[in-house]
Every structure is written in structure tokens, then in C-alpha cells.
Amino acid sequence: FLHMLMESGPSVLMLFAFEHALLAFTVVLTLYRYFLHLVGRRFEARYESPWVNKSLYLMYGKLLANLVKLFVLMFYFTIILTFYGMPVIMIRDLYRAFRNVQTELRNLVAARRLRAQINDRFMRPTEEEIEGAGGMDIITHTPLTMENSIKLPCGHVFKDDALLSWWERQQNCPVCRYDITQADPADYVRERQRRLRGEAPDNAANVAAAGAVARDSQEGGSG
């Protein structure tokens, strides 16, 4: 194939084949997402709980699809450059494909790290904090409990599985956009250690968290 390519150059049909290959990968990714959707519904019907790893498998599929697209575009770009000169119009597509791979890889690494830390780094909310949050998760609109929820350093409370899905797209608080990748505040770490030892909650930490929530509410109202 390579010998024939070097001898006679790329035919028009082969150039069109690259376009069809990119479309085929898009179709495969769509079928893969539909397959995950069906498996997720079957899992939820059987165990009466959401399939937490669904979005993680989806991220793997998107990363693989973007990698394949990048390699196809690089091969296509190399052939055009070799036989016809610099394909300026393809530079933008090649750059976007590279950035998509970079973004998907960064999100996957950050999501896996947060998934491994969720039980060791973040604290469970108290009944008072759940009531203060309205008793409902704002992402899934399902009830919050002390067993299925966590309290972030910014003071907001969410369900575990909802946060895991959110963090696979962006690593922050869904309400105030607090950056989860940064180090936790000292008062949050002290309060978590108190609760792990079974001691009474630190009132100062609760007041600070309540103040943070109040400030967010005021900013949202003024916006």
C-alpha cells in the first residue's frame, strides 16, 4: 500500500476515505454511548441505584475516539503535505483535535483522582446541614441523607454519585464554582477530623460555612 502510494500518489477515493473514517468513528461513539445508556438503565432497574461508573466509561470512550480522530487527521495531514503542499485549511482541525484529546485526558485524570479521594477527603453532612441545604440534591433533585451525601469545603452539600458525574466534566462546586483541585481550607480539615473522632462539630467552622452559603445566595440574587 505504501509503495503504491509513493509511486502514484493518493487518489481522490482515498482522500474521501479519510472523511468517511472520521464519520464512522462518530457513529461508533454514538452507538457506544447508547449501549452505556441501556446498561445503565438495566443496572438501575436491577439494583435500584444509579450506575456510578457509567460516566467514567463514557469518558474512556470519548478519549479513545478523540485519539483515533487525531491520528487519522495527522495521517491525512501528512499525505496532503507530502504530495500537494501545506494544507493550511487542516491546521485548525488538527489543533482542535489535539486540544480535545488534551482536555479529555486532563478531565479523566482529575476525575479519577477525586473519585479515589471522595471518602477520605470530604466530610459527611450533619442533619442540620442537610436541612439547611433544603434536603434535596440540586443536581438530581433526589433526597439527601447523611449516608449518600458529602459536604464540600465551600459549604454546599450534594449526593456522592451526582458529584462524581459532575467532576468528570469540571472539577468544581456546581453552585459557587469553588475549585476542588486546590488544597482544602484548614478549618474544613479540622472539622472533618473532629467528626471522624466523634467529637462535637466546630461551631466556628459551621458559621464560616453558613456565611459562605449566604454570600453565594446574595450574589446569585443580585445577579
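Me: In what order do the elements run from the N terminus on?
Reply: They go α-α-α-α-α-β-β-α-α-α, which makes eight helices and two strands. Helices here are DSSP runs of H or I with at least four residues, strands are runs of E with at least two, and both are numbered from the N terminus. Keep in mind that this is a predicted model, where local features need pLDDT of at least 70 and side-chain atom pairs pLDDT 80 or more, while totals for chains, interfaces and linings use all residues. Residues are numbered from 1 along each chain as its sequence is written, and side-chain values use heavy atoms, with hydrogens and water left out.

Me: What makes a residue count as buried, and how much of the protein does?
Reply: The cut-off is under 20% relative accessible area; over 50% is exposed, and in between is partly exposed (1.4 Å probe, protein chains only). Of the 223 residues, 36% come out as buried.

Me: What makes a set of residues a nonpolar core?
Reply: They have to be buried Ala, Val, Leu, Ile, Met, Phe, Trp, Tyr or Cys, joined through side-chain atoms within 4.5 Å. The largest such core has 20 residues, and Phe 18, Leu 73, Tyr 76 and Met 90 have the most contacts inside it. Helices α2 (12-47), α3 (54-84) and α4 (88-121) each supply at least two residues, with α3 giving the most, 10 residues. As a general point, nonpolar side chains tend to be buried together in soluble globular proteins.

Me: Why is the pair of Lys 151 and Glu 129 called a salt bridge?
Reply: The rule asks for a side-chain nitrogen of Lys or Arg within 4 Å of a carboxyl oxygen of Asp or Glu. The closest N and O atoms of Lys 151 and Glu 129 are 2.8 Å apart, so the pair passes. It links strand β1 to helix α5, 22 residues apart in the chain. By this rule there are three salt bridges.

Me: Is Lys 151 buried or exposed, and why?
Reply: Buried, because its relative accessible area is 4%. Glu 129, at 15%, counts as buried too.

Me: How do you know that Lys 62 and Glu 104 qualify?
Reply: Their closest N and O atoms are 3.6 Å apart, so they also fall inside the limit. Lys 62 is in helix α3 and Glu 104 in helix α4, 42 residues apart. Lys 62 is partly exposed because its value is 30%, whereas Glu 104 is buried at 14%.

Me: What makes Glu 127, Glu 128, Glu 131 and Glu 147 a patch?
Reply: Patch residues have over 30% relative accessible area and no salt bridge, with like charges joined within 9 Å and nonpolar side chains (Val, Leu, Ile, Met, Phe, Trp, Tyr) within 5 Å. The four Glu residues form a negative patch, since Asp and Glu count as negative, Lys and Arg as positive, and His and chain ends are not counted. Each charge is placed at NZ of Lys, CZ of Arg, CG of Asp or CD of Glu. Glu 147 sits in the loop between α5 (127-132) and β1 (149-151) and counts as exposed because its relative accessibility is 63%.

Me: Which residues make the nonpolar surface patch?
Reply: Leu 81, Met 86, Val 88 and Ile 91, over about 370 Å², with areas from the Shrake-Rupley method (1.4 Å probe; for residues, only the protein chains shown count as cover). Val 88 lies in helix α4 and is called exposed because its relative accessible area is 60%.
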